[in-house]
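Good morning, and thank you for the time on today's agenda.

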Amino acid sequence: MSKQDFKRKIACIGAGYVGGPTMAIIANKCPEYKVTVVDIAQPRIDAWNSNNLPIFEPGLEERVLAARGKNLFFSTDVDSAISEADIIFVSVNTPTKTFGQGAGKAADLQFIEKTARKIKEVSKSDKIVVEKSTVPVRAADTLDQILHSGEGGPHFEILSNPEFLAEGSAISDMENPDRILIGSKETEKGLEAREELCKVYAHWVPRERLITTNLWSSELSKLVSNAFLAQRISSINSIAAICEVTEASVSEVSNAVGRDSRIGRKFLNAGVGFGGSCFRKDILNLVYLCEFHGLEEVAEYWRQVVAINDFQMSRFVKRITKAMFNTLVDKKIALFGFAFKPDTGDTRDAPALQITLGLLQERAKLCITDPHALPNAKLDLKGCEGTVDFEEDPYRAIEGAHAIALVTEWSCYKDLDFKRIYDLMEKPAFIFDGRNLLDHKALFEIGFNVYPLGKPDLKHF
Ligand code: NAD
Ligand code: UDX
């Protein structure tokens, strides 16, 4: 298909963890659409155009290679992409504000606003502008006001289409989504734009999975979805703390509770706490929204989900310290996993970071191993040289270590030769399994002192 023959032109502003994969899927599923992903970060775009994609995500590379150069393009030419597009997805970052009013809670919308100004500056024709980024409720109002400021100019119809993919399973999440949510104004033009976006997804998503709402419900549903998921994790993690002092097993409790179909089994795995770029940020965003509207009790309710998460990480560090005779000074601890979850190299808000800093405060020496996250871990821990080492090979990471702290449940850690590992470690050897990944009984029989999460310890003294 020559470029002029494309039925529709889509631009996506922001070539990150969301923009890159979502557009790769749209390009694969809609060959008659031209999809151009743009970013101001030249190195990111260069990486998308290379054989070494900027993010690790199972299945992503083949989807990108199948469409790149045919109907999927990566570029830093933001103006041209906007100018020719019928539909513009805004997929820029919306991190927690670190300065001024709302610092530490509110979303920093500077990148959204800059994008809106750029769209207004460049556009000569009417466009549909889709909020793909996670934004506070009523952000579409702000976009609308910026895009339609001044006299005349083209018309922009704003849609909210939040992204629900989870990293590590992004491709299957997008190819087989539980739902696609599209919010629009309920005007004639709003409904037309909504249908235009529905048609894109209808290429592969059954119509009954497309949920349409007003703009504000759609924006709020994204924050609420993440808050509910995180709340389940904090709930089970709070129970893990009770299990550890009562000899109940959190896995057994989680199974017993989750088998009630009204509760469900998913997202009830106790661990060292949730991480990633979304949960903390989006809950805090919700907290700020509640505070802004004077809903202090509601704000406090959601604040506790984050508080329990922080408690869980510091509890893990305290448990390690207590088990290892109340001192970690100069003891080597091998940290297994640094990514915030398996199958990604992403370390944004990874529990491993807070746990590392907690262990360093106790003056432990760390060796971090991870199959994909070491480049990011090195950036996160800049300045800790001398007390933190990085080692790709887990067998080398544990040489002379007093303990292993498993923080990310990479499946490859299950298959390690723990007898060999035990022989290479200082004695007594400790394992703290922060994700309950390993066979604790077998480890105990090898000679390890084993500390599962939310379960009784297995120790030799
Ligand atoms: P990211 O930081 O990986 O990517 C954002 C990209 O936007 C960056 O490459 C940045 O250079 C680019 N950008 C910023 N300002 C720009 C501008 N003015 N013009 C062009 N490019 C610009 O972020 P992400 O993880 O992809 O998240 C994007 C949004 O999606 C956020 O709002 C996030 O909350 C939301 N979200 C993320 C996930 C996830 O799993 N990562 C899931 C659902 C929703
Ligand atoms: C999340 C949401 O799942 C996704 O819908 C949204 O679009 C973005 O935020 P993500 O952060 O990529 O996705 O991964 P997710 O699988 O939700 O895991 C988040 C964190 O929770 C990880 O640190 C994970 O280890 C932790 N987690 C998850 C648990 O501790 N226990 C669980 O049972 C599930």
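Let me begin with a question: does Glu 247 count as buried or exposed, and what number of C-beta neighbours inside 10 Å decides this? Glu 247 counts as exposed, because it has 9 C-beta neighbours inside 10 Å, and the limit for an exposed residue is 12 or fewer. Please bear in mind that we are looking at a predicted model. Glu 247 sits in the loop between α9 and α10, the latter being residues 250-258. Its backbone deserves a remark as well: phi of Glu 247 is near 65 degrees, a positive value in a residue other than glycine.

Arg 363 belongs to the loop between α13 (351-361) and β10 (365-369). It is exposed, because 12 other C-beta atoms lie within 10 Å.

Lys 427 and Pro 428 are joined by a cis peptide bond, with omega about -5 degrees. Pro 428 lies in the loop between α16 (418-424) and β13 (430-433).

Let us now step back to the whole chain. The protein chain contains 17 helices and 14 strands. Its C-alpha trace spans about 80 × 50 × 45 Å along the principal axes. For 461 residues, a compact globule would have a radius of gyration near 23 Å; the chain has 24 Å, which agrees. Of these 461 residues, 46% count as buried. Consider also the contacts between residues at least 6 apart in sequence: 72% of them join residues at least 24 apart.

The next topic is the domains. The domain assignment gives domain 1 (3-205) and domain 2 (247-461). Their centres, taken over C-alpha atoms, are separated by 34 Å. Where the two meet, 15 residues of domain 1 are in contact with 16 residues of domain 2. On the domain 1 side, the touching residues comprise eight nonpolar, four polar and three charged.

We turn to the interior. In soluble globular proteins, nonpolar side chains tend to be buried together. In this model, the largest nonpolar core has 55 residues, and Ala 11, Ile 88, Val 129, Val 130 and Leu 197 touch the most other members. Helix α1 (residues 19-29) supplies the largest share of this core, five residues. Another core lies apart from it, with 50 residues, including Val 317, Ala 403, Phe 418 and Leu 438.

Which residues does Val 129 contact, leaving aside neighbours within four places in sequence? They are Ile 88, Val 90, Ile 119, Leu 143, Leu 147, Phe 156 and Ile 158.

There are also ligands to discuss. Around ligand 1 there are 26 residues, of which Gly 14, Gly 16, Tyr 17, Ser 133 and Thr 134 come nearest. Helix α5 (residues 110-122) provides the largest share of this shell, three residues. By class, the shell around ligand 1 has 11 nonpolar, 10 polar and five charged residues.

Ligand 2 is surrounded by 19 residues, and the closest are Ala 166, Asn 269, Phe 274, Gly 276 and Cys 278. Here helix α9 (residues 215-246) gives the most to the shell, with three residues. The shell around ligand 2 divides into 11 nonpolar, five polar and three charged residues. It draws at least three residues from each of domain 1 (3-205) and domain 2 (247-461).

Lys 222 is located in helix α9. It counts as buried because it has 24 C-beta neighbours inside 10 Å, where 20 or more are required. Leaving aside its neighbours within four places in sequence, Lys 222 is in contact with Thr 134 and Pro 162. Lys 222 and Val 137 are 85 residues apart in sequence, while their C-alpha atoms are 9.5 Å apart in space.

Gln 42, by contrast, is exposed, because it has 9 other C-beta atoms within 10 Å. Gln 42 is part of helix α2 (residues 42-48). Its C-alpha atom and that of Lys 414, 372 residues away along the chain, are separated by 39 Å.

Thank you for your attention.

How values were computed
Residues numbered from 1 in each chain as written. Chains lettered and ligands numbered in written order. Predicted model: local features only at pLDDT ≥ 70, side-chain atom pairs only at ≥ 80, totals over all residues. Core = buried A, V, L, I, M, F, W, Y, C linked by C-beta atoms within 7 Å. Helix = DSSP H or I, 4+ residues; strand = E, 2+ residues; numbered from the N terminus. Contact = placed C-beta atoms within 7 Å. Near = placed C-beta within 6 Å. Nonpolar A, V, L, I, M, F, W, Y, C, P; charged D, E, K, R; others polar. Domains from an automatic or database assignment. Rg over C-alpha atoms; globule rule 2.2 N^0.38 Å.
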